[in-house]
Amino acid sequence: MIDAAVEQLLRKEKKSYVIPADVVANVTATNTLEHAIMVLSKVGYSRIPVLDADDHLQGMISLAAITNQLLQVPGAAVDQLSNYTVADAMLPIDHWVDDPTKLETILNYLIDEPFIPLVDADNVFQGIITRREIFKRINYLAHNLNNYFEVTPLADKTGQTEK
């Protein structure tokens, strides 16, 4: 469980750490892999969400997944990308959250993921929570903890303060 003081400071910034869906690059499962690789290259991310026509989160597509799909094609060449859709290479979603206040879950997921998708109760994509945005909050916490709380070391079992 996250300490209440730490959680309070992680939430101190009024600006949300959720990047809203309308500014997150995405593709649909019916887009070609050629289109997906162009979007990925343009935005500079290694993976992006795959949405359906109603903005439901369906999966993820990554440069690695596209490369893997190409390697399965005899005589694989980049010009083959237009013959396959995102659905052919789409990755499942391992982790997501439906509540941006679930900080403990978010922190645990961000250990292994660069971002976590945020969906509502109907699985409609709401945005992403990035490791970068959370690290900005942790940086704030690390530099401002003493401005909000009196922090004193605990004594160990021998009665001496720990260093």
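Author: We can start with one tyrosine. This is a predicted model. Y140 has 29% relative accessibility. Buried would need under 20% and exposed over 50%, so Y140 counts as partly exposed.

Reader: How is Y148 classed, and at what relative accessible area?

Author: The class in between runs from the buried cut-off of 20% to the exposed cut-off of 50%. Y148 falls in that class, as partly exposed, because its relative accessible area is 36%.

Reader: How many aromatic pairs are there?

Author: Ring centres must lie within 6.5 Å to pair. By this rule the count is one.

Reader: Which type of pair do Y140 and Y148 form?

Author: The ring centres of Y140 and Y148 are 6.5 Å apart. Stacked needs planes under 30 degrees apart, and edge-to-face needs over 60. The planes here stand at 45°, so the pair is tilted.

Reader: What sits over the ring of F115, and how far from its centre?

Author: The cut-off for a charge over a ring is 6 Å from the ring centre. Over F115 sits the charged end of R47, and its distance from the ring centre is 4.7 Å.

Reader: Which strand gives the largest share of the lining of the largest pocket?

Author: The largest pocket has a volume of about 230 Å³. Of its 14 lining residues, those closest to the centre include R47 and F115. β3 (47-51) and β6 (125-130) each supply at least two lining residues. The largest share is three residues, and it comes from β3.

Reader: Which class has ten residues in that lining?

Author: Two lining residues are polar and two are charged. The ten are nonpolar.

How values were computed
Residues numbered from 1 in each chain as written. Predicted model: local features only at pLDDT ≥ 70, side-chain atom pairs only at ≥ 80, totals over all residues. Heavy atoms only, no water. Phe/Tyr/Trp six-rings, centres within 6.5 Å; stacked < 30°, edge-to-face > 60°. Buried < 20%, exposed > 50% of the residue type's maximum accessible area, 1.4 Å probe, protein only. Lys NZ or Arg CZ within 6 Å of the ring centre and 35° of its normal. 1 Å grid on protein atoms, 1.4 Å probe; cavity = no way out; pocket = protein on both sides within 12 Å on 5 of 7 lines; lining within 4 Å. Points joined across faces, edges and corners; volume = space filled by probe spheres on them. Helix = DSSP H or I, 4+ residues; strand = E, 2+ residues; numbered from the N terminus. Nonpolar A, V, L, I, M, F, W, Y, C, P; charged D, E, K, R; others polar.
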